Amino acid sequence: MSIVYHESTGTFHLYNQYISYIMMITENSQPGQLYCGKRIHDKEDFSYLFELAERPMASCVFERDKVYSMASIRQEYPAYGNGDYRHPAVEILQQNGSRISEFRYEGYQISPGKPKLPGLPALYTEDDAEAQTLTLTMRDALTGIRMELFYTIFEKGGLLARSVRFINEGAEAVHLTRAMSLCLDLPDSEYDWIQFSGTWSRERTPRVRRLEHGIQAVDSMRGNSSHEQNPFVILKRPTADEFQGEVFGFSFIYSGNFQIQAEVDAYRVTRLLVGLHPERFDWKLDVGETFQTPEAVMVYSDRGMNDMSQTFHTFYQKRLARGYWRDRVRPILINNWEATYYDFDEDKLAVIASKAKECGVELFVLDDGWFGARRDDHAGLGDWVAAKELLPNGITGVADRIESLGMKFGLWIEPEMVNADSDLYRAHPDWVLSVPGRSMTHGRYQYVLDFSRKEVVDHIYGMIARILREAKVSYIKWDMNRCITECFSRAYPADRQGEIFHRYILGVYDLYERLTTAFPEVLFESCASGGARFDPGMLYYAPQCWTSDDSDAIERLKIQYGTSMCYPVSSMGAHVSVVPNHQVHRMTPLHTRANVACFGTFGYELDLNRLPEEEIAQVKGQIAFMKTWRHLLQFGIFYRLKSPFEGNEAAWMVVSPDRKTAIVGWYRILNTVNNSFSRVRLVGLNPDYCYHNSVSGVDAYGDELMYLGMQTTDESAGVRSEDTDLLRSMDFDSRIYVLTAAEE
């Protein structure tokens, strides 16, 4: 790992064994992009990569020079104007009405490690030797705005983290109306664009199309990262696939409004921008004030999408998630929501918990409905005090009762929201995001608290912290069930209303930071009507997220497959739920529900008392299996093998770091008759190890399993066996294979 500056040519080269990133200070004191890709040798001069040409209709920088135009220069952080007609990375509205700025290079600093971003989630290091950071300082002479561009390269992985800081050292206030975190100008457009789109209960579906002239983008203006688009995009060469070819992944460590955009110009140069959505964003930067953009992360691989994903998994698991639960296996839980909804009392909960304990469950989670006047979704949000008629001894009493069974206790909250029918709203109607004199829209009969205001965050912190201090609560499920519409705060003047979307998210981060600091051993799981805020920003505070409200195993194959493109298995809340499934009304076998959910944090969303004894025996076996293998399942090296979007089968696997153990999940959607023989080619094994197959009993070397494949043929191909469990065949079928290397 190294960051080198060649003074004679004004060239910076950031590189490790995986990646090179090269830029130079150009003739007009701008940092220009020269190369981003596979590691190449360092040398003094790469200036020949800085190409210019005379273009018709170009607006040029220097008098009597018809070549030097910003419109044809690949730039590191382009400002609005100055001859560049493409979308800029930064735009600043000044008091005279101008939006033109001219940032000139002033100097650089190379420092060990990685600086923290105040108030924002970001990647971190545990040792300064893990990374180096380059800071480029630039200044706009007329306004006095100083800009710092941060680039962090890590010792391991083809990853670069970027962000920008603005400091107003001038004499007048300005307004940032665009402040992106990353700009990358690529020299061509021969890429497939992959975005991860969806809606409630079908989140993060990969959508692939070729880059073309013009603009392609994903974004959210909902106040959260959204079900509809995830703040993650892949650019891959058309010939690249899961295991070969050049791939770029771009991820934004943020939980609010965002935009990721590719603009292809007439000469097929591709400008990729990642950052805060410029719509609805207007940050007043007063004299002496500073603004820090959230962090964007770029991963490059020349070994396909699986390798890119594994880099994201490693960093987001070990250098984004933090704290007590980062490296610990997650408890097997049962949640009462689909078992009871709002119809429960303490005794009913204890009956459900007792059966779960008998089966080996470790954590009981009390979901919605335990507080205030919350008997349906019309009332109670904001009143975080236990309803005495349901829980006569409060949260302390029910937590003690669950603990007495030998289980841990967890609790659902939705701290960012309030119902109009609540004591909090009646006392503080002005604490809701809304425009005075105008009507308010509701979502699920609830309104959004103004988390841009410190007094609101302080009040909610006090209520939740009191519960956590007084009761034995080991887990919090933090939900968020509506988007922001009337984004107006009564606490800020008119010229700062463009800041509220971002200030709201900063308030959410502040509450998370305070609670996780005060209660470091509580496991937080984020949730937002399922996956509406499944983003890297949340993982900094809560190491796992409820992946989707759709708990149907077959739908989850797609959801978890798409999610795995960026996010690790340890981050995915995945549970076995009741049948018929409450979202799609499908009947799936219990073993398949568990075989999908075990590639996640694992739990149950049902009343085990309602299962027949033969299924209770299965549940006990599932839990025993999970306890044996959950460290490998949650923290092993994950590979996608067969996509559920491309056929009737899906498969994935995890491999231990020493490659001595692997677990393969194989899934078939619909049964077939007179089918072909089938096998799955595995990856990541040691070709010289001989592995024992837990299902077939066959021993095979790693090279055979990877190059010939592992047999998955069953009754659907007409094969018969005395062991009907081994070769059974049905709709929505699945098998889990454990492969263990023989002792040497």
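A crossing counts as right-handed if the near helix is turned clockwise from the far one by less than a right angle. I noted this before opening the model, which is predicted, and began with the pair it was meant for.

**Entry 1: α10 and α11**

I looked up how helix α10, residues 590-597, lies against helix α11, residues 613-635, and found that their axes come within 10 Å and cross at roughly 20 degrees. Angles under 35 degrees count as roughly parallel, and α10 and α11 are therefore roughly parallel to each other. The crossing in which α10 passes α11 is right-handed. On the α10 side I listed L590, H591 and A594, which meet E615, Q618, V619 and Q622 of α11. Sorted by class, the residues of this contact are three nonpolar, three polar and one charged.

**Entry 2: α6 and α7**

Next I turned to helix α6 (residues 454-470) and helix α7 (residues 500-518), whose axes lie 10 Å apart and which pack at an angle of about 25 degrees. That angle makes α6 roughly parallel to α7, and I recorded their crossing as right-handed. From α6 the residues V457, D458, I460, Y461, I464, A465 and L468 take part, and they meet G507, D510, L511, R514, L515 and A518 from α7. I count the classes in this contact as nine nonpolar, one polar and three charged residues.

**Entry 3: α3 and α4**

I then checked helix α3 (residues 346-359) against helix α4 (residues 394-404), and here the packing angle is about 25 degrees, with the axes 10 Å apart. This makes α3 roughly parallel to α4, and the crossing of the two is right-handed. E346, D347, L349, A350 and A353 of α3 make the contact with G397, V398, R401 and I402 of α4. By class I have five nonpolar, one polar and three charged residues for it.

**Entry 4: nonpolar cores**

Which residues have the most contacts inside the largest nonpolar core? I found F166, W370, W384, I395 and Y604, in a core of 198 residues.

Note on methods. Residues numbered from 1 in each chain as written. Predicted model: local features only at pLDDT ≥ 70, side-chain atom pairs only at ≥ 80, totals over all residues. Heavy atoms only, no water. Core = buried A, V, L, I, M, F, W, Y, C linked by side-chain atoms within 4.5 Å. Buried < 20%, exposed > 50% of the residue type's maximum accessible area, 1.4 Å probe, protein only. Axes fitted to C-alpha atoms, helices over the stretch in contact; angles between N-to-C directions. Helix = DSSP H or I, 4+ residues; strand = E, 2+ residues; numbered from the N terminus. Parallel < 35°, antiparallel > 145°, perpendicular 65-115°, else oblique. Contact = heavy atoms within 4.5 Å. Nonpolar A, V, L, I, M, F, W, Y, C, P; charged D, E, K, R; others polar.
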